[in-house]
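Trainee: I'd like to learn how to read cavities and domain contacts. Can we go through an example together?

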Amino acid sequence: MNIQFDPSAKTSIRNISRRSILKGLFGTSAFVLAAQFPLARRGFAYPTGAEKMPNGVKTDPKLFVAIDKDGTVTIMAARAEMGTGAARTSLPMILADELEADWSRVKIVQANGDETKWGNQDTDGSRSVRHWIQPMRECGATARRMLEQAAAKRWNVAVADVEAVNHEVVHKASGRKLGYGELATDAAALPTPTDFKLKDAAAFRYIGKGNTPVVDLVDITTGHAIYGQDAMLPGMKFAVVARPPVVGGKVASVDASAALKIPGVEKVVQIPATPLPAKFNPLGGVAVIATNTWAAMKGREALKITWDDGPNGSYDSKAYKASLEANVRKPGKVERNEGDIDKAFAGAAKTFAQEYYVPHWAHAPMEPPAALARMGGGKFEIWAPVQSPGGARDDTAKFLGVKPEDVLMHTTLLGGGFGRKSKCDFAMEAAFLSKELGGTPVKVVWTREDDIQHSFYHTVNVDRIEAALDANNKVVGWRQRSASPSILSTFAPDPKHPFAIELGLGFVDMPFAVPNIRLESGEAAAHTRIGWFRAVNNVPHAFAVQSFVAELAHELKRDPKDMLLELIGPDRKVDVSKSVTTEWWNYGEPFETFPVDTARLKNVVQLVAEKAGWGRQMPKGSALGIAAHRSFVSYIATVVEVKIDDKGNITVPRVDTAIDCGFAVNPERIKSQIEGASVMGMTIAKYSEVTFAKGRVEQTNYNDFPIVRMEDSPQLTNVHIVPHGIDTPPSGVGEPGVPPFAPALCNAIFAATGKRIRSLPIGNQLA
């Protein structure tokens, strides 16, 4: 169902700028606080990587809270909401708690894309809460202090004698009260105080409670939420694009005569291809403009296009897999080196080696990409479900050859993202076509097939792991080689090896206590667009390492959980900065605040084993599998229970996951993230595979790129959150649930059947 989108309508999603606030968009607002917090003023603060993010922590205003005379508190959400509840629920909730606001009187508005105003807006990397909890708390506490000062002044009493309590300021001695709306104007006239005090954790109303509902829940469940596909403007046209079937290809010739005869088709426009590396720029192709989506799609079918496939026309997944396997069987580029690996293997009493393969994946969110754009007076206005609205604005401006301030990016709700919608090629297409049509609003619609066949794919990967064991069956040498095309190839000339960020995703930060370690990368050229996918390279590395540990345990007749704990070794902070050959990337976070803490990793292993009943007797065809991984500076361990029938059909009756993500800001959202990660983990383990032949993606839709349905999703997911106080910094939640799922599942399958899965997806390997 399409919902008429009117920018002036009273919807839960409105896009406003600080300038518009100050001009009176909040016409009745009596209090507007521009919060800016240089680090020097944050004496209590612990360091994070927020300041190092592009346009990260600025001295410009980032967060705003407005209070109307009727007491309504309006909080701006600067990040994109793609269904996790972080951007439009958890972060405003933190501010509201410190403000001592009544959540039922809070409303949320969505910021436009402008990082020079709001700071970094990249909704990725599982860092929204860990980077913004401190500024949000300070913003709320500062506003609360100003309201208290205003009340004290009104009553002519000391500010120490008043206290903000649930949307009112109370004079403790007399019991007099003033509502926030009554104080807003006076508070707004006060200078921003520096003597604010954060709440004690015991006084939290919402933080850490898990009792705050998702802001958009009612709209989402009743069909009133506005996604990118829902955006509409009067007089808009619809467009679909025939894109080069091979990345790097272009149109050699096109005959649009038949397309232009389709009723409703009005125009055919060629979009120029961008030479590789294209970053997020459109692939190019031929756009069909029509009065409705159906006509545009039928017009596209009628196009007669001859493609020049370019340099990637021979890309073939089977041949490429063989090349990756060959490359990990020979020495590669050394990425981390400790001890003397050659001596360890030369003197080993026994060696053990295995290889693991993970294919390309497409994100395939429920909502395919879509964007609505209109040009007017040389300026562009875009509505789109983008994870990085600030980046989308800048990239679109560069593509169009205009200034960033000439592009206004409105962020709609995202119908899923998983990394796909941090690439804004679809927004650029819409803006380009509106320009070509002289300013007519144009909505570009991607079909499911468009999305699956023209995505930014998760990298394909082969890992080979070799262990050297001494006479006591202790692992004394660990050699791992990994080969996968790099994300960097999307942005720059292909390096053919992973760069620091990819290496830090579960590879060079491998936490095992082995005296001799060498980690190498094999050469792997990219032949398609490589992008980040939920948890990114952590997924293949966790699959390889955690599968290998279980295989090694079986080889040594050990319990897999005990083998894992032995390899993790003693409690310590693992600092690999001196043993990596280049830069070590710790998710952009300072090691002092977010170390690799083996005690916390071991704890989640032991906790999940206890909760899942590890070691309990299982009926024939059923078993448990375990895996653990650190990613996005959180620690997580998963036990999957499987039940497999005589035909090889897999059922997952139960999943237990223990997560240590520091202080749990919103436990209900954490549980939801892990439950969703189990479903996604099941999907990629069981089904997902994008393959190429003659440079073309062979899959088209959910029929041949399936996701798990209700009947084969995990039936029960138990989430066990390790408790911490507010002093333990929150860490990532959105992505860490995915990496351990596939190895835990495959370890369980082996325990139940004796069949080892080393190549994903599982597909029909059990048949």
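Trainee: How many cavities of 30 Å³ or more does the count come to?

Mentor: First, some ground rules. This is a predicted model, where local features need pLDDT of at least 70, side-chain atom pairs count only at pLDDT 80 or more, and totals for chains, interfaces and linings use all residues. Residues are numbered from 1 along each chain as its sequence is written, and side-chain values use heavy atoms, with hydrogens and water left out. Now the idea: rolling a probe the size of a water molecule over the atoms shows where empty space is left. A cavity is a set of points, on a 1 Å grid over the protein atoms alone, where a 1.4 Å probe fits but cannot get out. Here the count is eight.

Trainee: What volume does the largest cavity have, and which residues are closest to its centre?

Mentor: Its volume, the space filled by probe spheres set on the points joined across faces, edges and corners, is about 140 Å³. The lining has 14 residues, each with an atom within 4 Å of a point. Pro511, Gln546, Ala628, His629 and Arg630 are the closest to the centre.

Trainee: And how do I read a contact between domains?

Mentor: The size of an interface is often given as the accessible area lost when the parts come together. With bounds from an automatic or database assignment, domain 1 is 50-222 and domain 2 is 228-311 + 369-445. Together they bury about 1200 Å² (1.4 Å probe, summed over both parts). Ala80, Met82 and Gly113 supply 38% of the area that domain 1 buries against domain 2.

Trainee: How many residues does the contact take from each?

Mentor: Counting heavy atoms within 4.5 Å, 18 residues come from domain 1 and 15 residues from domain 2.

Definitions and conventions:
On a 1 Å grid over the protein atoms alone, a cavity is a set of points where a 1.4 Å probe fits but cannot get out, and a pocket is an open set with protein on both sides within 12 Å along at least five of seven lines; lining residues have an atom within 4 Å of a point. Buried area is the accessible area (1.4 Å probe) that two parts lose on being put together, summed over both.
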